Amino acid sequence: MQYTLSVLVENHAGVLSKISGLFSRRGFNIDSLAVGVTSNPDVSRITIVANGDEYVVEQLEKQLNKVIPVIKVKCLTGGEFISRELILIKVHCAAAKRVEIIKTAEIMQAKIVDVAPGCVTVEYCECTNRINTLIDLLRPYGIREIVRTGTIAIDRGNTALSV
Amino acid sequence: MISGAEIMVKCLEAEGVKVVFGYPGATICPFYDKIYESSIKHILVRQEQNAAHAASGYSRCSGLPGVCVATSGPGATNLITGIATAYADSVPMIAITGQVKTDLLGRDVFQEADITGACEPFVKHSYLVTKTEDLPRIFKEAFHIASTGRKGPVLIDIPMDIQTNKIEDFHYPETVNIIGYKPNTRGHAVQVRRAVEAIKKSRRPLIVSGGGVLSSGVKLKFQAFADKTKIPVISTMMGIGVMPSDSDMYLGMLGTHGKPVANRALHDADLVIVCGARLGDRAVASPDQMSENTTVIHIDIDPAEIGKNVKTEIPIVGDMKNVLNMLNEEIGDYVVPNQWQETVKNWRKSFYRIPPKFDGFVEPRALVAQLSSMLRSKAILVADVGQNQIWCANNFMIREGRFLTTGGMGTMGYSIPAAVGVKFARPSRDVVVVCGDGSFQMSMNELATIAGNNLAIKIIIMRNHRLGMVRELQDMNYGSRHSATILEGDPDFQKIAEAYGIDHAEANSNEEAEEIIKEMVKSDKPFILVCNVYPDTPSI
Ligand SMILES: Cc1ncc(C[n+]2csc(CCOP(=O)(O)OP(=O)(O)O)c2C)c(N)n1
Ligand SMILES: [Mg+2]
């Protein structure tokens with residue numbers, strides 16, 4: 001099963017390596033990891049998407065909590081939350097196909113951010129599933145390049161994760 | 001104005017540090033120049049790994065974090081095994097390393113090693129200091145982190161310019177505020193109540209004591225709890241000494257190398273209270289050592305240990321001291337069912353077996369048992385790693401003293417340097433090392449530290465001309481092909497002792513050994529006793 005964890009950490013040099021090291025050392029598989037500063041400049045938020053059974057996730061949460069600069073760990077999976085990834089896709093695009101590609105992007109509510117002879121670049125910010133759908137739709141035209149961020153996620157509703 | 005190096009010394013003084021173990025080099029010279037004129041004693045070891053082991057021994061017997069110091073690069077990397085050992089054994093320790101100047105960091109200059117990076121998996125926390133002003137806060141935090149919660153080593157890596165830079169003023173903080181570090185020590189009342197209900201319902205409850213009971217400093221109360229409730233106790237290797245060996249409630253060490261009755265008790269129990277133990281694979285190698293429907297109550301200060309190695313029905317996170325108090329109150333005058341008491345009593349009868357002796361050799365298990373009564377009751381025995389360790393673990397009769405070994409990491413060469421630390425922590429106690437001929441040679445360079453400081457440490461070398469424990473493994477699993485386990489070319493250990501000016505003797509029978517030990521314990525000087533042991537002697 002896939003789990004999404006939000007981790008608040010002190011915004012220091014070296015914290016990220018402590019956390020990523022912990023994953024590889026203990027044989028946890030991470031699908032993605034995204035870091036950014038929070039409203040409090042001393043605190044960063046790491047979103048981790050990881051795979052494993054219940055035992056693995058419980059261990060993961062506990063081991064993360066043991067890292068001194070880790071302030072809080074919350075497993076979002078189980079509750080309702082919104083998750084987003086950002087992707088830039090450069091698609092091969094013969095002139096004859098341009099309208100078709102732009103239409104596809106429009107239907108998916110993706111943005112065309114660059115057009116050049118022979119290719120277009122599409123920007124898309126969505127949950128992992130919809131991003132994968134867009135990739136599937138564009139694949140037949142020939143994908144030249146994909147750049148993708150890690151997932152970030154936030155709980156729905158009136159709760160907020162803070163220190 | 002005050003320099004970083006002076007601040008370092010003042011921080012140590014503020015923490016009440018009396019002795020540090022270390023080895024100097026260029027990048028830590030500013031600190032050494034200041035400790036030279038301070039009240040803190042510096043003990044020069046002969047290899048940095050041993051500074052860490054000495055700090056570990058000191059820490060385990062003083063209750064204060066031990067401190068070790070090394071220079072950058074090779075000095076720091078030599079520390080690693082010692083730091084990793086302390087980590088695996090949950091021993092509080094402060095490791096201080098010199099580092100190249102901040103403007104040279106990351107340039108692979110002479111004697112630069114990324115020691116905070118290298119130690120990442122083995123430290124509870126680490127700091128690379130980048131501002132002299134930060135030193136007091138970092139020292140304060142480091143001592144706090146090392147000695148609270150689940151204890152462990154903390155590394156402070158200090159570039160040379162941070163040591164030489166001067167700042168206005170020194171002020172040691174009184175409190176720490178680490179937002180992500182608030183260990184839960186209290187113990188959950190509801191869980192304790194559930195635990196007591198389960199204990200009262202069980203027919204054959206059993207306690208497994210681990211090192212956590214000792215590091216929480218709650219040994220005597222723990223003994224009183226067992227005596228009152230009559231719940232039998234077995235221990236992990238790190239938990240040996242929690243109960244006096246002759247207690248009616250104590251059934252010995254569990255595990256691969258443990259007492260058969262301890263394993264039998266674990267197998268037959270219907271409820272197990274695990275106290276401050278992680279139950280690694282040497283303790284509980286396979287789940288069928290415990291019955292399917294045994295109820296497990298696990299008390300530990302580290303939530304990550306609970307449920308990691310054994311399935312737990314009732315987790316209690318907290319310091320043993322607090323949880324034991326709560327348990328004690330909640331359990332009232334409960335006593336285990338009679339039948340279980342009888343079973344345990346019968347098991348105790350078969351507790352010590354007299355092993356067969358071989359002419360011309362010392363029988364090590366019998367000797368260790370005999371040794372116990374020849375020492376004063378608060379004696380501290382430090383065992384190394386290998387068969388010698390198992391002989392001690394199962395046969396040394398602890399009264400009020402301690403049994404130290406590295407149960408978590410199993411680092412050969414631990415005993416001699418650890419005993420150095422022990423002797424500084426407890427100068428008036430009998431401190432005895434039992435080691436193998438292999439492990440002795442891993443740290444015999446520390447004889448210089450022992451001789452130089454006239455430390456009355458008594459070293460008993462069990463000489464079997466083998467890496468005995470591995471030899472035994474090869475006999476059992478590898479068709480007795482003794483690949484690299486026969487020690488050839490070993491020196492005459494008595495001559496080694498002689499070279500260091502240390503008194504020595506050799507024994508070829510238990511009677512001979514006992515005569516020598518009688519004399520040995522009287523002297524206030526170090527002593528080396530070489531015991532020739534029949535090479536095929538089994539571990540248990
Ligand atoms: C540093 C280190 N290297 C290797 C080992 C593996 N090992 C465990 S026991 C042992 C043999 C120890 O020999 P000795 O000290 O002579 O003790 P004996 O078993 O003969 O009593 C070895 C090599 C270890 N535990 N630690
Ligand atoms: Mg040997």
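These are my notes on how chain A meets chain B and on two helices of chain A.

I worked from a predicted model, in which local features need pLDDT of at least 70 and side-chain atom pairs count only at pLDDT 80 or more, while totals for chains, interfaces and linings use all residues. Residues are numbered from 1 along each chain as its sequence is written, chains are lettered from A in the order in which they are written, and side-chain values use heavy atoms, with hydrogens and water left out.

Entry 1, the interface. I looked up contacts (heavy atoms within 4.5 Å) and found 14 residues of chain A touching 17 residues of chain B. The two chains bury about 1300 Å² between them, 54% of it on carbon and sulfur atoms; buried area is the accessible area (1.4 Å probe) that two parts lose on being put together, summed over both. On the chain A side, Lys18(A), Lys66(A) and Ile68(A) lose the most area to chain B, together 42% of what that side buries.

Entry 2, salt bridges. I counted two between the chains, taking a side-chain nitrogen of Lys or Arg within 4 Å of a carboxyl oxygen of Asp or Glu. One of them joins Lys66(A) to Asp302(B), with the closest N and O atoms 2.5 Å apart.

I then turned to α1(A) and α2(A), which pack at an angle of about 145° with axes 11 Å apart; axes are lines fitted to C-alpha atoms over the stretch in contact, and angles run from 0 to 180 degrees between N-to-C directions. Helices are DSSP runs (H or I, at least four residues), numbered from the N terminus. Ile19(A), Leu22(A) and Phe23(A) of α1(A) meet Leu60(A), Gln63(A) and Leu64(A) of α2(A).
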